[in-house]
Structures are given as structure tokens and as C-alpha cells.
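This report goes through a few local features of the structure shown below. It starts with a sheet, moves on to a pair of helices and ends with some backbone details.

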Amino acid sequence: MSSSVLYGILGLLACQAAAQADVITDDSYFYGDSPPFYPSPNATVSSNWAAAYEKARAFVGQLTLEEKVNLTGGVRQSENGCSGSIAAIPRVNFPGLCLSDAGNGIRSVDYATSWASGWSVGASFNRELAHKRAVGIASEFRKKGSNIALGPVVGPLGRVAENGRNWEGFSNDPYLCGALAYETVQGSQSVGVITSVKHFVAYEQETYRNPVGNVSSVSSNLDDKTMHELYLWPFQDAVHAGTGNIMCSYNQINGSWACQNSWAMNNLLKTELGFQGFVVSDWGGQHSGVASANAGLDMVMPTGSTYWGDNLTLAVTNGSVTAARVDDMATRIIAAWYQMGQDSSDYPAPGSGIPYDVSAPHEKVIGWDKSYKDIVYQGALEGHVLVKNANNALPLQSPQLISLYGYSAKTPDSFYVGNGEWNEGDYSLGENATYTAANSVEEGTGIAVNGTIISGGGSGANMPMYISSPFEALTARAQEDYTGLYWDFESTDPEVDPTSDACIVDVNAFASEGWDRPNLHDDYTDSIILNVAAKCANTIVVFQNAGARLVDTFIDHPNVTALIFAHVPGQDSGKALVSLLYGDENFSGKMPYSIPKNESDYAGLDAPSLPEGEFAYFPQSNFSEGVYIDYRAFDAKNITPRYEFGFGLSYTTFAFSGLNVALNGSVSTASYPTGQIVEGGQEDLWDVVATVTASITNTGSVKGAEVAQLYVGIPGGPVKQLRGFEKPVLEVNGTASLTFPLTRRDLSSWDTVAQKWELQQGSYPLYVGSSSRDLPLTGTLTIS
Ligand code: BGC
């Protein structure tokens, strides 16, 4: 026997052994491993997409192999400022595609709005507002000639508190995140813009997100249960909402890059979730040609020419990639285009309103519209969370003199849209609050920045029409009321007139794509707060915060009477804050994550993983905590946080009563779903198995909205998990009834052996109230 034949037989045996090893027997199988899943499934067309696929198949049928390949790879161009472009195919009247950042509003253009960012949307716990915001944002994308909005962000979910991008997403609770992603996808796509829900999946740190020198991208190592119950969950909602695009992430998943991970793309997304659209790589996130094609990647950005382009054509000609795979890539892309009606003649030409260089002469294309005004303002408002209010410090009562401090109260010294990332560069505070992220991909700026924050930094930053800063809004209010206003935004130990009715300290916690924050509080900012508090009996602290900010260094100071997390409010920051401070508006935001007392409470999940030991060149991030992040972890370990998930004060009070739970007799409670796969998974996962009802009354003296929250204890899982929320607006003495539908998915846990969601028989404790730790109503749901 020749040696090559011998090696052939040995190879075959090895393959068979590997195939046998792929039989799933227990959960530990996935930990640190990424099972192969081939071939890449062609889209199995759901009824919602049938018409689009019919047109797409006919369209793709006319294309040459080269033309199909051209649809799959970005082209660099200088005609417009799209983040990525697919070239036109004039022969068949295809105008090309423009992909633009990002989820919080269109970036780096004039005539666009700075909306409240994802975290503020999370804090609002308001589905309707999230939907309206998405319609507004997407309308701007459409008017500007962008086909694909590169958002919303549901990954990072927020596993690591220092992550530089947590603010781009909604919440580290998968249920809340998924519910708001659902609305965002539906709202955006209702105006014809394709959403690119990103970053798929388990992308939980910026540090080593991409290879640096000899060091590879971090590998997020997680088990199958954690994948489904936490990180995949919001993507499932986005697919269920019909998203046309998903962006694969930079990191590796169990040792295999996300954009060439067949388990993630071919299995989870395209088989289990029945995803109808196409997968685009994050910019530069592709690391192979044939492997990424066969693993289910459909489009590569920003350029196809590195691994695909002519190489993909060659791979088809020599049989390394099937022609059917490239057909499926092209068909998925074109189907999404038809599905959103982008073939219509009234869809603006790709990139037509997005100048390559805004300082060069260009046509004026107006994205913003006055009809968005109230939504932008409401978004800023509902993203503010009042977490401390001692001695009725707020609302302010006819103050005579207010003193205003802190570097975040004022508008930045200059703003020009051409700078692109308005809040970076020479905008940092200098040595005291800046840092250099030695271990990060890019050098970082400070964790606190000079001037008020309207968004975080990087591709999720958005462009303000104007900035209503706290200082300007307070000045306008002082002029109206004829109130005195003193200020000092420079000193760390400012002079304070001790007769001031209130001293407001407005500071921030900045974060940006590209680097993780170096810590969760900084001495520089704390010293300003403590120095003012030492001289002013009524010190009100406001954080514009793009990251979790610990407060235990100052929060128990008797003169710190109030604390507000403003989150990332967008251009109406100051106006929203001042309306809330004076009680013209009521607080209704809730924490979409917890604030613990100490870093150590995070048990290692405060900071990103670094390369170490034998993995000096292959950094590993082991998600060994499973689903136990944020409140799930604090509950399990009996750690009392400073401010729990779901917490937020109001100027009024609410009372809950009358919890009732009713099983829906007409729906099966069999252990496993039996339905066919629709977008998002098996159809009956969305059957409403039970409905919880209760009542809420405004028992205080002013109008207000309350986020009523339902938590469920799924047997074998965390003691409670958010599974419902509603936000009624209530007049004084007003009562509303609350209805929380619980779907099969809401009550199930992922069975790693069956590879299905399992609805267990047994008792499910239910809790309703105003935060994850203030749950006056309890009950039990029994599934038998
Ligand atoms: C980011 C994406 C972004 C893309 C295009 C990447 O670095 O991770 O979120 O959409 O760039 O700008």
C-alpha cells in the first residue's frame, strides 16, 4: 500500500472518529469546542419571505458567477461616505448597496439627529418608544440613501462591566434586550431599511477583539445552555422580528472565529432560528476564504478582495466552494433587498445623501424631521434614572441660587460633523482622567471626557443637530424663573457659596468602541463630587454614563442628596435633565443593569480577559459563570447591590395588587415544542402558555409612569429572571391593569441533549413589582 493511500485511510478513520465525537451527549461537550456543522443550509423560505425569494431567485438566475461574487464583497470607493458598499450591476439595473453605521442614528453625516443611545432605550423599558425611535432613525438612513443600518447592537450583551460598547446595546438582561431589539428591527424595517443586528455572537470585550501582533482574537468559550439562554436570546428575537441581516463578530467562539464558525452561522442562525436574511462580516472580521464561505458567511466587509472576490470565483471553479453556496449568498442578499421594498424607484440611490467629505461641496440631503422632536426628547427623558433622592432634594423647589459644577455640564468647545467621532481626540481631560489601554487594540482616551456626553465613541456615535447641554438648559431656566446660577467647570475643588439651594455636579463616564474602560470609577471625578459635598449641604450628582459607574466612594456622604444616571441621552441631554430636576417631567427610567458596591462583587466580570500563561498568544475568555451575570449572579451569591437591576425612583409612589395567573388551556404544555421552524425558531415557542395579571395604582401626588416588572423562577435556573414588563402612565389615584403574557420560550430552558427548548413540569414562582428586588406580589404557576 502506498503511503498516500495509507494516509488517506487514516484520514478517513480520523474523520469518522471526529464525526462520532460530534454526537452530543452532554453539555460540557461545547465548552471550549465548536462542533462542525455543514453544509451551509440554503434559505428555507418562510411564508413571510416567499414573494421576495421568488423575485430574488429570478434575479440571481440572470447573473454570471462573477456578478454573484461581486454581490458578496465590499468595494472601496470615494463617491460617498457609506461605511461599506456593494457595487452596482448596471446590466440588471441593480443600484448597489450602502451599509452605514449605526444603531443609535446615522453616523458621520450632516442633517441627522443624535438620538438617545441603546442604554438609554434600555433604561426606558418602553417598547413603544423604542419602536418610534427606530422608525425615526431608519427614516434618516433611508433619506440619506442607506440600505442597511448597522445596528441595533445586542452583543455585547454586557457580561463585562468595563466593556467599551455596552452602551450601544440595551441591557445585559437578554429578555429586555431582546424585546427592545424586536421593536427596533420592526420599526426600522417598516420604513424599508434593513437592520444589521450585531455582533453575532458572544462578543463581550474590546480588548483583543482583533488580533494584535502575534496575539490572536480572544476566544469566548461558552457552553450551549449559556449560549441559548443568554447570548443568542436577543438575536432570536431579532430574527423573529424579521431582520434582513446579521453581522458576525470579531471574536472567536470556542476557538473558531465567529465569521467562519459553522456552528454559529450554519446551525444556530440558519437552521435552528430559520434566519431568512444574510450574514455580513464585521469590518475586517473575516480570516479565511473557503472556510468562511462554507461556514455560512454571505457578505464580507469592507472589501471582498482579500479572501473572496476572484478567490471565491476560483474556489467555485475548482470545487472548494459549491456554486449553490454562492447562489445562496447572492439570493439571501437580494431577497432582503426585495423584502424591504428597496427595489422601488422611490428608494434613494445608495449613498446619495452621505458625502465622502462633508467639507467639500455636496448636495444638501436632510435626514432629520421636526416630527421626530418629541421622540428624541422623550428618549432622553426616559433614559434618566433617579437612584437616590434624600430629604426630597428633588424636584427643586423654587431655588434662589443654584451652583453648577463638573466637566460634563457644558457643551464641547467645538463640533463639526466632519470630525466623524465628535467625542474623541483632543477632548479628553488630560492626565488626571485619561489612560492608555496598553492591552487594547487601539489606544484609549479618558474614561471621563471634557464636555457633556451625548453618545459614546466609535462607530455607534451619532451626530447632533445641536447639543442642549445641562449648563445651557439650566441657564435658560434660570432666566425664566429669575434664579441665580454660579458655575465652575474647571476646578476640582471649587469655591461654593454655602447658601446655594442646590449644588449640581455633572460628571460623566465615557466609553468607546475599540477599548475597554480601565476601571469603574475614577478618583478625579470622585474628588470633585466629594469636594463640593464638603461645602454644600444639597449636592445633586448627575452622571452622563456610557458604562456602569460605581458610586460607593461618595454615595453615603450625608450631603450627597441625589444621584441621577443620565445614561447616553443624545442631543436633548440638558433639556431633559432640567425638566426632570424641576419636576416638569417625572422620572420613569429604571436601571437596565445593576450597580454593585464594589468591583469584587462582579467576581471577575468587571474587567476583560487578557492573554496569559500557555495562552499568551491565544487569549481565552471562559464564560464559566454560565448564565449568572448581573442580577442573576448577585441573587445567586446573595450579594446586595448598591442599585439593583430594574430599580429607579419617581416623584410619585405606586402600589401593586391582585396577582393572578391563568394557564391557557388551548395550548399544549408538552415538554418540547413540535412546531415547524419559522423566523426565530420553532413556531410554538411563541405560544402563550400562561398569562399573569395584576393591578397598579398611582398612590402619590403627581402623575407618573411606572415600569411594572414580572420575574419568573424557572426550575433549575436562576431564582428569578425578567419575563415581562409594562409601563403604564398613571394620573394621581389612577389604576391600570397589567397583563404579562408568558410564552413557551419564556418558561423554557435549553435542553442541551435534545437540542430543544424544554418546558419543565413543576412550579414556577412568579414575582411582580417595581425592581428586581422590590417585588411585593408573588404567586406560582404550575405546569403539569
Ligand atoms: C464595528 C462595527 C461597525 C463596523 C463598520 C466595526 O469596527 O465593530 O460595529 O458597524 O466597524 O464601521
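## Terms and model

Two strands pair if DSSP finds at least two bridges between them. Helices (H or I, at least four residues) and strands (E, at least two) are DSSP runs, numbered from the N terminus.

This is a predicted model, in which local features need pLDDT of at least 70 and side-chain atom pairs count only at pLDDT 80 or more, while totals for chains, interfaces and linings use all residues. Residues are numbered from 1 along each chain as its sequence is written, and side-chain values use heavy atoms, with hydrogens and water left out.

## A three-stranded sheet

An open sheet is formed by 3 strands in the order β17-β20-β25, with antiparallel pairing. The edges are taken by β17 (654–663) and β25 (735–743); each has a single partner strand, so one side of each has no neighbour in the sheet. On average, neighbouring strands here are turned by 20° against each other, direction ignored. Angles of this kind are taken between axes, which are lines fitted to C-alpha atoms, for helices over the stretch in contact, and run from 0 to 180 degrees between N-to-C directions.

Strands of a sheet pair through backbone hydrogen bonds, either parallel or antiparallel. Between β17 and β20 (residues 688–698), the antiparallel pairing extends over 8 bridges. Phe654 stands opposite Asn698 in β20.

## Two crossing helices

Helix α14 (residues 470–481) and helix α16 (residues 573–581) have axes that come within 7 Å and cross at roughly 50°. The two helices are therefore oblique to each other (under 35 degrees is roughly parallel, over 145 roughly antiparallel, 65 to 115 roughly perpendicular, and the rest oblique).

The contact (heavy atoms within 4.5 Å) involves Pro470, Ala473, Leu474 and Arg477 of α14, and Ser573, Gly574, Lys575, Leu577 and Val578 of α16.

## Backbone details

Most residues other than glycine have a negative phi, and most peptide bonds are trans. A cis peptide bond links Asp101 and Ala102, with omega about -10°; Ala102 is in the loop between β2 (97–100) and α4 (118–124). Another cis bond, with omega about 10°, joins Gly155 and Pro156, and Pro156 lies in the loop between β3 (148–149) and α6 (174–190).

Tyr208 is not a glycine but has a positive phi of about 60°. Tyr208 sits in the loop between β4 (194–200) and β5 (219–221). With 10% relative accessibility, Tyr208 counts as buried (under 20% relative accessible area is buried, over 50% exposed, in between partly exposed, with a 1.4 Å probe and protein chains only).
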